[in-house]
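Take a walk through this structure, from the whole chain down to single residues. Keep the sequence and the model side by side as you read.

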Amino acid sequence: MSTAIWPSIDAGQLADEQAASQARELEWLLVQLRETLQSLKAGLEECAALLAPTENGSTLVLSSVRSESLKGLITRVGTRVVKGHVKLRLASLPPPRGSATYDLTISSAPHAPTLVVPQLTAVRTAINSCLDAIDVATWTGDATNADFVAGQLQLLHDHIQEAREALKGSSDVQLPWWEHALDDKIFDPPLPPNVSFHLCVFDAALLVEVRTLEAHPSEEPLGFSIRDRLAVALGSPRAPAHDEAERTFTYKGHDVRVKEKVRVESQDPALISATAKLNALEHSVLLSRKALNTVMGRDEHTD
């Protein structure tokens with residue numbers, strides 16, 4: 001099937017009419033995109049509120065699966081963990097005399113260092129950048145300039161993807177545990193030198209990893225493994241195998257190996273909700289970009 005204009009017009013006039021029609025369609029779309037941007041702004045502000053500090057914060061339960069290796073509670077306020085108490089039952093970490101577990105407690109002292117979750121800081125920064133991009137598109141720049149609006153939509157899309165990736169916790173945004181050692185004084189009493197406590201975000205959940213360490217055979221710093229090796233020689237059980245057992249890491253300037261490792265995820269409802277909202281916002285921005293590129297006559301692939 002084909003279409004024809006009657007009465008027929010010459011090619012030049014047809015091209016002018018097509019250009020005028022496209023210009024009107026582009027003008028209409030730019031007006032509609034102003035409303036879309038305001039809707040996106042409201043959604044992003046909801047995401048920001050989910051990550052903002054609140055009076056009570058979010059208290060999350062930590063519990064290792066099918067074992068008593070790790071039990072505890074942590075409280076997240078915004079991008080920080082302000083409270084936490086973890087009880088460990090690890091073969092390579094004998095508890096103090098008179099106690100059944102080895103306890104790690106986040107210090108409540110005013111001068112204690114703060115336990116910040118870097119990925120959540122990255123999410124808040126990306127969301128704020130999104131809000132800035134919308135404000136620029138709405139109030140500062142030329143909202144009637146299609147090229148300018150297209151650029152702001154692409155910027156907005158990039159920042160939303162950054163926020164989503166940070167909440168997803170892909171390997172390229174997570175800081176490796178051996179390169180991100182926490183300040184021992186975050187805990188009270190301070191974290192032992194042969195224990196690593198790592199906190200990050202994975203699939204919108206807070207992920208806690210505790211490792212007991214031993215020195216690489218090439219070096220033997222005090223406090224790492226002399227007592228543990230004597231215990232094994234006297235018949236104490238060896239630590240169970242894990243996925244990092246054969247690897248060597250440089251941690252706080254020393255070559256170490258991981259004796260025992262426990263990994264616990266705790267679902268955070270606020271982070272799950274923020275992820276769902278960001279997914280919907282990204283889809284909306286993607287549709288707007290495709291529509292604008294189509295009307296502008298661009299044949300660009302938008303991810």
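Among contacts in the chain with a separation of 6 or more, 66% link residues 24 or more positions apart. The model behind this value is predicted. The chain has 303 residues, and 40% of them are buried. It holds five helices and nine strands. Their order along the sequence is α-β-β-β-β-β-α-α-β-β-α-β-β-α.

Turn now to the strands. Strand β7 covers residues 205-215, and strand β9 covers residues 254-267. The two run antiparallel and are joined by eleven bridges. Within this pairing, R211 faces K261 of β9. Strand β9 also pairs with strand β8, residues 249-251. That pairing is antiparallel too, with three bridges. Here F249 stands opposite V256 in β9. What do β8 and β9 form together? They form a hairpin, with two residues between the strands. K252 sits in the turn and has a positive phi of about 55 degrees.

Strands β7 and β9 come up again at a pocket. The second largest pocket has a volume of about 300 Å³. Elements that give two or more residues to its lining are β6 (195-202), β7 and β9. The lining counts 19 residues. Nearest the centre of this pocket lie Q174, P176, W177, W178 and E209. By type, the lining has seven nonpolar, five polar and seven charged residues.

Rolling a probe the size of a water molecule over the atoms shows where empty space remains. The structure holds one cavity of 30 Å³ or more. The largest cavity has a volume of about 40 Å³. Its lining consists of L30, L33, R34, L37, A137, A143 and V149. Helix α1 (residues 11-51) gives the largest share of that lining, four residues. Six of the lining residues are nonpolar, none is polar and one is charged.

Now the cysteines. How many disulfides does the structure hold? The number is zero. Consider C47 and C130. The cysteine sulfur closest to that of C47 belongs to C130, and it is 9.0 Å away. A disulfide needs the two sulfur atoms within 2.5 Å, so C47 and C130 are too far apart for a bond. Seen from C130, the closest cysteine sulfur is that of C47.

Finally, some details of the backbone. Most residues other than glycine have a negative phi, and most peptide bonds are trans. Some places in this chain depart from that pattern. The peptide bond from D188 to P189 is cis, with omega near 0 degrees. P189 lies in the loop between α3 (146-168) and β6.

R66 has a positive phi, near 55 degrees, and is not a glycine. This residue belongs to the loop between β1 (58-63) and β2 (70-77). Is R66 buried or exposed? Its relative accessibility is 82%, so R66 counts as exposed.

A204 also has a positive phi, near 65 degrees. The loop between β6 and β7 holds A204. Is A204 buried or exposed? A204 is buried, because its relative accessibility is 4%, and the cut-off for buried is under 20%.

Definitions and conventions:
Residues are numbered from 1 along each chain as its sequence is written. This is a predicted model: local features need pLDDT of at least 70, side-chain atom pairs count only at pLDDT 80 or more; totals for chains, interfaces and linings use all residues. Side-chain values use heavy atoms; hydrogens and water are left out. Two strands pair if DSSP finds at least two bridges between them. On a 1 Å grid over the protein atoms alone, a cavity is a set of points where a 1.4 Å probe fits but cannot get out, and a pocket is an open set with protein on both sides within 12 Å along at least five of seven lines; lining residues have an atom within 4 Å of a point. Grid points are joined across faces, edges and corners, and a volume is the space filled by probe spheres set on the points. Ala, Val, Leu, Ile, Met, Phe, Trp, Tyr, Cys and Pro count as nonpolar, Asp, Glu, Lys and Arg as charged, and the others, Gly among them, as polar. Buried means under 20% relative accessible area, exposed over 50%, partly exposed in between (1.4 Å probe, protein chains only). Contact means heavy atoms within 4.5 Å.
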